[in-house]
Amino acid sequence: MELSKTKVIAASQSRVWAGLLDPKVLMACIPGCTEFSGSPEEGFKATVVQKVGPVKATFRGTVRLSDIDAPNAVRLEGDGNGGPAGFCRGGANVRLVPKNDSTEIAYDVDAKIGGKLAQLGSRVIDSFARKMADRFFENFQKELEVTDVTEPTASGERPPEPPAPTAEPPKGGLRKLFG
């Protein structure tokens, strides 16, 4: 199965790059991920629970980064073993291109599946793989587009803190509010 897509994320290229290397962000974005650990330098280990057609499996696997061209491109390669359900292997070439205040993320995904899962047929497997890739990048977009009030602005200054809510009622009480 092969898939190529692009998506525009309303975040700077450096923020998107940092997200691709952050284990917490990746765990939050991988559908069905229950465990995720490691580092970009040594690779990541993950546990993912998924149901593909009638087959539900827990996959334990690794993700490695290669062909790193920070902050422009990286290749993510992974493999997972789902026991009797089968195995999966694949990778994604990811490219980041700054676009004004956003970043275009382009990805080419390739995946191979074997074992009991492969018996489901290429149409079911291809559809599932596309859905997983789309969900990952949709989750990634949502994760990065959440405004972080502690993130420095372009000038390096932190944005002002929002005013703290007051518990004091307005003068004139409820009559003034609804009045």
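**Aromatic cluster and sheet packing**

Tyr107, Phe136, Phe137 and Phe140 form one aromatic cluster in this predicted model. Four aromatic pairs are counted in total. One of them, between Tyr107 and Phe137, is stacked, with the ring centres 3.7 Å apart and an angle of 15° between the planes. This pair connects distant parts of the chain, since Tyr107 belongs to strand S7 and Phe137 to helix H3, 30 residues apart. The ring planes of Phe136 and Phe137 stand at 90°, with centres 4.9 Å apart; the planes are over 60° apart, so the pair is edge-to-face.

The strands that carry this arrangement belong to an open sheet of seven, in the order S1-S7-S6-S5-S4-S3-S2, with antiparallel pairing. From one strand to the next, the twist averages 25°. Within the sheet, S3 (residues 43-52) and S4 (residues 55-69) are joined in the antiparallel sense by nine bridges, and Phe44 stands opposite Val63 in S4.

Two helices are placed against the sheet. Helix H1 (residues 13-21) touches S1, S3, S4, S5 (73-81), S6 (87-99) and S7 (102-114), and its direction makes about 165° with that of S6. Helix H3 (residues 122-145) lies across S1, S3, S6 and S7 and runs at about 15° to S1.

Conventions. Residues are numbered from 1 along each chain as its sequence is written. This is a predicted model: local features need pLDDT of at least 70, side-chain atom pairs count only at pLDDT 80 or more; totals for chains, interfaces and linings use all residues. Side-chain values use heavy atoms; hydrogens and water are left out. Two strands pair if DSSP finds at least two bridges between them. Helices (H or I, at least four residues) and strands (E, at least two) are DSSP runs, numbered from the N terminus. Axes are lines fitted to C-alpha atoms, for helices over the stretch in contact, and angles run from 0 to 180 degrees between N-to-C directions. Contact means heavy atoms within 4.5 Å. Rings of Phe, Tyr and Trp (its six-membered ring) pair if their centres lie within 6.5 Å; planes under 30 degrees apart count as stacked, over 60 as edge-to-face and the rest as tilted.
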